[in-house]
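Okay, thanks everyone, let's get going.

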Amino acid sequence: SADSRSGRWLARGSYPAFQLIETSTLKIRQIESPGRITCFAFSPDDRWLASAGIFDRTIKLWDVATGREVRTFDTPLGRLGAPLGVSRLSFSPDGRFLASTMYGEGIDLWEVDTGDKLRSFGSHENGHALAFGPAGNLLVSSDRRTTRIWDAASGGQVASISRSSISADFSPDGRWLALGSPDGSIGLWDTASQREAATLIALPGSADWLVVTPEGLFDGSDQGMQKLVMWRIGNRLYPPDRFFA
């Protein structure tokens, strides 16, 4: 499922149909899908909805207002010669471009108005996260081991981060990149200095939290500093509050 940035629209479902829901009225439109859908993405202006299927290897562009299919983007065969599906989709901030990742493949960049593929770059074992920066010049992607920042225009790699991410998003000014990890923590990356600034950790079901920097500085709630992280020294574990001095 996916919701639009404005919060007006929600897409959910897979096969044989998916639902396009207007959240203010709860009006539901059933749209026949060509196959099992793996991901959705709304354009920033809510005009378009992109969907991707796992078996037919295509990306579909839909008119949100009418529910009509507008265009098909034909994705290539995977490296193993099998119809590997698209794992993530992301529109550029101006809505002119659409980025996609395939399972076991790299990134494809498409022109929305024509459906033409502009370039392919990078390589990922599995596409877990995909997001444009607010200026549209940067693109972040990840697999099970590494998160990478790319120059969207050239396809060149800008930075490599030793962190697995299942979600990613830039701050509105592009200075910070938040990376959601499978363990529930959030890594905060400084795009100016190209270094990790902090790791944010929250305890599910409570208001407890902890922030730790790569240098070992930390802050958090009382319970967060006792339960969320331990420092290992030899074979013993110590809570962070033992190191206040």
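This is a predicted model: local features need pLDDT of at least 70, side-chain atom pairs count only at pLDDT 80 or more; totals for chains, interfaces and linings use all residues.

Residues are numbered from 1 along each chain as its sequence is written, and side-chain values use heavy atoms, with hydrogens and water left out.

Buried here means under 20% relative accessible area, exposed is over 50%, and partly exposed is in between, with a 1.4 Å probe and protein chains only. Strands are DSSP runs of E, at least two residues, and helices are runs of H or I, at least four, numbered from the N terminus. Phe97, Ala99 and Thr101 point one way from E10, Leu98, Ser100 and Met102 point the other way, and all are buried.

Now the partners of E10. Two strands pair if DSSP finds at least two bridges between them. Strand E9, residues 86-91, pairs with E10 in the antiparallel sense over 5 bridges, and Arg88 stands opposite Thr101 in E10. The hairpin of E9 and E10 has 5 residues between the strands, and there Gly95 takes a positive phi near 75°. Then E10 is joined by 5 bridges to strand E11, residues 107-111, again running antiparallel. Across that pairing, Leu98 stands opposite Trp110 in E11.

Keep Trp110 in mind, and let's go to the aromatics. Rings of Phe, Tyr and Trp (its six-membered ring) pair if their centres lie within 6.5 Å; planes under 30 degrees apart are stacked, over 60 edge-to-face, and the rest tilted. The whole structure has 4 aromatic pairs. Phe73 and Trp110 form an edge-to-face pair, 5.4 Å centre to centre with 75° between the planes. Phe73 lies in strand E8 and Trp110 in strand E11, so the pair ties together parts that are 37 residues apart in sequence. Phe73 is buried at 0% relative accessible area, and Trp110 counts as buried at 2%. There's also an aromatic cluster of Phe18, Phe40 and Trp62.

E8 takes us to a sheet. It's an open one of 4 strands, in the order E5-E6-E7-E8, with antiparallel pairing. Strands E5 (37-42) and E8 (69-74) stand at the edges with a single partner strand each, so one side of each is left without a neighbour in the sheet. E5 pairs with strand E6, residues 48-53, over 5 bridges, and the bridge partner of Phe42 in E6 is Leu49.

What about the packing? A nonpolar core is a set of buried Ala, Val, Leu, Ile, Met, Phe, Trp, Tyr and Cys residues joined through side-chain atoms within 4.5 Å. The largest one has 15 residues, and those touching the most other members include Ala50, Leu89 and Leu98. E5, E6, strand E7 (58-63), E9 and E10 each give two or more residues to this core. Taking contact as heavy atoms within 4.5 Å, Ala50 has, beyond its neighbours within four places in sequence, contacts including Phe40, Ile59, Leu89 and Leu98.

Last, the overall picture: the protein has 1 helix and 24 strands, and buried residues make up 47% of its 245 residues.
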